[in-house]
Amino acid sequence: MTSLSRELVFLILQFLEEEKFKESVHKLEQESGFFFNMKYFEEKIQAGEWDEVEKYLSGFTKADDNRYSMKIFFEIRKQKYLEALDKQDKAKAVDILVTDLKVFSTFNEELYKEITQLITLTNFRENEQLSKYGDTKTARSIMLIELKKLIEANPLFREKLVLPSLKSSRLRTLINQSLNWQHQLCKNPRSNPDIKTLFNDHTCTPPNGALTSAPVTIPAAGVAKPPIYSPLGTPFQPAAATGSANALAGWMANASSSSSVQAAVVTASSLPVPQNQVSILKRPITPPTTLGMNDYKSADHEQLMKRLRPVQSVEEVTYPAPRQHTGWTLDDLPRTVACALHQGSSSVASMDFHPSHQTWLLVGSTNGEITLWEIGIREKLVSKPFKRWDMSTCSLAFQASMAKDTSISVTRVTWSPDGNFLGAAFTKHLIHLYAYNGHNDFRQHLEIEAHVGQVNDLAFAHPNKQLCVVTCGDDKLIKVWDLSGRKLFNFEGHEAPVYSVCPHQKENIQFIFSTAVDGKIKAWLYDNMGSRVDYDAPGHWCTTMLYSADGSRLFSCGTSKEGDSFLVEWNESEGAIKRTYSGFKKKSAGVVQFDTTQNHFLAVGEDNQIKFWDMDNANVLTSINADGGLQSLPRLRFNKEGNLLAVTTSDNGIKILATAAGLRSLRTVEASPFEALRTPIEPTMLKVSGSSVVTNINPVNCKVERSSPVRPSSVLNGVDAMGRSMEKPRILDDVIDKPKSWQLTEIVDPVQCRIVTMPESADTAKKVARLLYTNSGVGLLALVSSGVQKLWRWGRSEQNPSGKATANVVPQHWQPNSGLFMTNDVSGVNIDEAVPCIALSKNDSYVMSACGGKVSLFNMMTFKTMTTFMPPPPASTFLAFHPQDNNIIAIGMEDSTIHIYNVRVDEVKSKLKGHHKRITGLAFSTHLNILVSSGGDAQLCIWSIDTWEKRKIVPLQLPAGKPPTSGDTRVQFHSDQIRLLVSHESQLAIYDASKMDRIRQWVSQDVLPAPISYATYSCNSQLVYTSFCDGNIGVFEADSLRLRCRIAPSVYLSSSVLNGSQAVYPLAVAAHPQELNQFAIGLCDGSVKVLEPLEGEAKWGVAPPTAADNNSLSGRPGSSSNTSNHTPDQAQR
């Protein structure tokens, strides 16, 4: 709408107000979105007309527009909900909860849970945060104060809260002026003309000649002129016209009309507004709870542009974020040649650095080979030549393609964001996915015939926290696959082969940019509603798009068919090119490649050089040739830190360029005495903390039962007995002559770490049987042997601004105002023989537990017992919520059965039989669709979740002399839902649950000889925290089961306890759900403690090296705290 049209709306608003068309005034305010009438808004709030309030607001903003808007709608709906509860209208409250407030659960489930719990209270004022809630009128007035602040701070309301300064009856005046002008133009003007219509131009035709003209006035109709629209400040400044309906802006607006909320609700009471707000499209948060955007509702183009209004990137304009770094220099660029790598006879097609191991470089070659380099030691860790994994599934199109030409090349290699998977795309139909288990262990995970013809690009994405793969190809399609190979989306719309894809996320809007060889750029949401963008890339040919590392800036680089190259930055808010970078040579023979780093630099390979730009400057910053030998259009890739740059050379090699920091990191790897990433058959001397030298081999630990259906593991205590690398072993003396600097980290004093003891936890008569963190990470829940649950909560404070669990602050032993305890029914139960068990719902709403008696379901907010079920006998011994339905519970029983119980209908749906002793562990894998159970019989059973049929039984491989009924066996899935941690008093083991093959094992020995009491994965499954019956705690590398840190009992126990007659040690261990290096222990004396490394160290020790034990090859004795003292040969017997 033009500025004059906009001003006309204001004139009409004034006229309607003067004529007392009250409803029409507010209808036009809402429909135009030009003026927000705060007085009218207040009136409707005070009257409790909630539907009208939201309807009026909808003309100016939607709940998902920005953080301010979201908070406005949340406060209104919360108030409506509380008023329904106050009137004891539970039906209406439930409707509001489900219809209006459910949308906020997408990103803050904890808050929604707390709001939901209010409905269970007789009076919601029992909730501490709402204890001061007064009457309805007062509550509405308090809310209005908050809403005014939010509206005034909301950029979408800028210049909409005051009217332009207008003289009264301005529209009448303009009409009178127009009529006077028309009257002046009359051929025969009459005095005092009679104006009867405004529909036609005025003319006078008097019979007796022309007379002197007189001014024309419109009757004022005798109405009073209300003062509401009197001048209130500076005149309204009309915003610039929107111009063309640029697609990026239109796409973002379209996406924002999704019912998914784009920002985070923070608390149930006041919602503070950030003082330095930046663009809401800059920080990713938790995605919606359903994959894709099935609830997406598209709007027509005109409505989209109305939603956008002519305000460019409103929050960014209002709150510009200053650059964090002002002292950038050329030294921040990797320009020094550190080393060169020779790939082989074929040239490099694609490269990608590992996201966390900064010196690991993944390379795909034109002969189809995939290679992993450790550039610190200039060696290949893994080399995978191309082959078709399963020829029986080849399509006819693929067979025809291979018959015509057997050559195949990699087009793209890339790591998943967590580094646990890697993907490769090929020139013929296929993509390969490998699961990366550490070091040189690439495991074939998935092969897909993804496209007909060449697969041009591959990328990982995380819609709804589910790791997926996005591919594109010559068949003009973009496809999205889950890690089981199921196709989730098929995007059609390009008219030419799709050249590249760029998945990204802004807040919870997840999307994919794609480019085709006809130069078209399109954007897709994870739905089936087509492209939201249709733009032309500069050059109209092959283009790649990338975001800066922080996701705030979008760039594209490409080349035209004529050889002209382009590097540009996009303005996402406007869908237009923001900056075009100069400095390219006139013509290129192919497509230039580029990368970004440090949120500040761009690099392009062109003209046998690498050219660098500052993102904020269109001119070339510097160019280097890396001592010569680069390809004419070299491929290049930065590592995550930006201190290393890989660039391809004309002799089928790679040069590694480094900054000073990058050179130091390479030297660190280079000097590693254990050759940590070489093939495991390489012999080394392993050094430990302490002076003891183990010369005797314990034959007990190496025995494997021949009758076991599981093949003998090739990895014992982190030592691989079979070399899998393609590289030849190194000469022994080369390794032994190097200094051995790594030592096991041993923490023996409380000052060496951070530790906090839970208040009111110690009770020698009540040992801690089970321990859990709340899923939100703000609380710790312990079940003691008497059947009582204790909850500790951390709050927000100056010392703990996040409010999460921490060892820096003593938490509160939390109880509701009612003084209730969560106590299990233990009547008639022998506490000493009972097996306590506990499970927490994923939204922290309910906790389910038992202690030899009935299973109780407690409300976590009120501690009220919601229901009890499953009375003994048999008693429950393990509990697990179904991961996809909180109403389904798997209950392990004392009589060795597993009951699949539906709480809602109070019915056992299935009874699973396979064990011979009581159930000691249950773990679900939704990825494999299985339930794994463990029992006191040292067996693992695998059950189908769909049918609850038994698939397999796998006995544990116990050391000789260990009866199969000794000790509990527990199971826990890795975050990849494939690897399974199995703990028994005698060992730790990692299984591939897809085949139930054991791939790692560690047995108690050396510095940790005592039986294991408990073990659990860290939050990201990178560590295993393990407690022992002598009080020691071991921190293991999860991939290799190598010990990296030992924490002695003297760290957390006083000298009097250590010297006492009763042994005190951890019975339960819990890992914080978000903090990798935080864990809690529950002791047999009833105390609970949280441990973290010192803030300066930030982690538990240093990762141990991986190399084979050299005892049998060198003839020299060795000692190790992280190996089993087995020779490779003995491990195979």
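## Prolines in a loop

Strands here are DSSP runs of at least two E residues, numbered from the N terminus. With that in hand, take a look at the stretch between strand E42 (865-869) and strand E43 (876-882), the loop where Pro-873 sits. This is a predicted model, and in it the peptide bond running from Pro-872 to Pro-873 is cis, with omega near -10°.

## The largest nonpolar core

Now for the packing. The largest nonpolar core has 43 residues, and the members touching the most others are Phe-36, Phe-41, Ile-45, Leu-57, Ile-76, Tyr-81 and Leu-101. H5 gives the largest share, nine residues.

Beyond its neighbours within four places in sequence, Leu-101 contacts Phe-74, Arg-77, Lys-78, Tyr-81, Ile-96, Tyr-112 and Ile-115. There's also a second, separate core of 22 residues, including Ile-747, Val-1051, Ala-1071 and Ile-1081.

## How H3 meets H8

The axes of H3 and H8 come within 10 Å and cross at roughly 150°. Angles over 145 degrees count as roughly antiparallel, so that is how H3 and H8 run relative to each other. Their crossing is right-handed.

On the H3 side, the contact is made by Met-38, Phe-41, Glu-42, Ile-45, Gln-46 and Ala-47. H8 answers with a set that includes Arg-140, Met-143, Leu-144, Leu-147 and Ile-151. Sorted by class, the contact has eight nonpolar, two polar and four charged residues.

## Two positive phi values

Ala-626 isn't a glycine, yet its phi is positive, near 55°. You'll find Ala-626 in the loop between strand E25 (620-624) and strand E26 (636-638). Buried means under 20% relative accessible area, so Ala-626, at 4%, counts as buried.

Asn-929 is another non-glycine residue with positive phi, near 60°. Asn-929 is in a loop as well, between strand E47 (919-925) and strand E48 (930-935). With a relative accessible area of 21%, Asn-929 is partly exposed.

## A buried tryptophan

Last stop: Trp-360, in strand E3 (residues 360-365). Trp-360 counts as buried because its relative accessibility is 3%. Trp-360 and Ile-375 are 15 residues apart in sequence, while their C-alpha atoms are 6.4 Å apart in space.

Technical notes: Residues numbered from 1 in each chain as written. Predicted model: local features only at pLDDT ≥ 70, side-chain atom pairs only at ≥ 80, totals over all residues. Heavy atoms only, no water. Helix = DSSP H or I, 4+ residues; strand = E, 2+ residues; numbered from the N terminus. Buried < 20%, exposed > 50% of the residue type's maximum accessible area, 1.4 Å probe, protein only. Core = buried A, V, L, I, M, F, W, Y, C linked by side-chain atoms within 4.5 Å. Contact = heavy atoms within 4.5 Å. Axes fitted to C-alpha atoms, helices over the stretch in contact; angles between N-to-C directions. Parallel < 35°, antiparallel > 145°, perpendicular 65-115°, else oblique. Left-handed = near helix turned anticlockwise from the far one by under 90°. Nonpolar A, V, L, I, M, F, W, Y, C, P; charged D, E, K, R; others polar.
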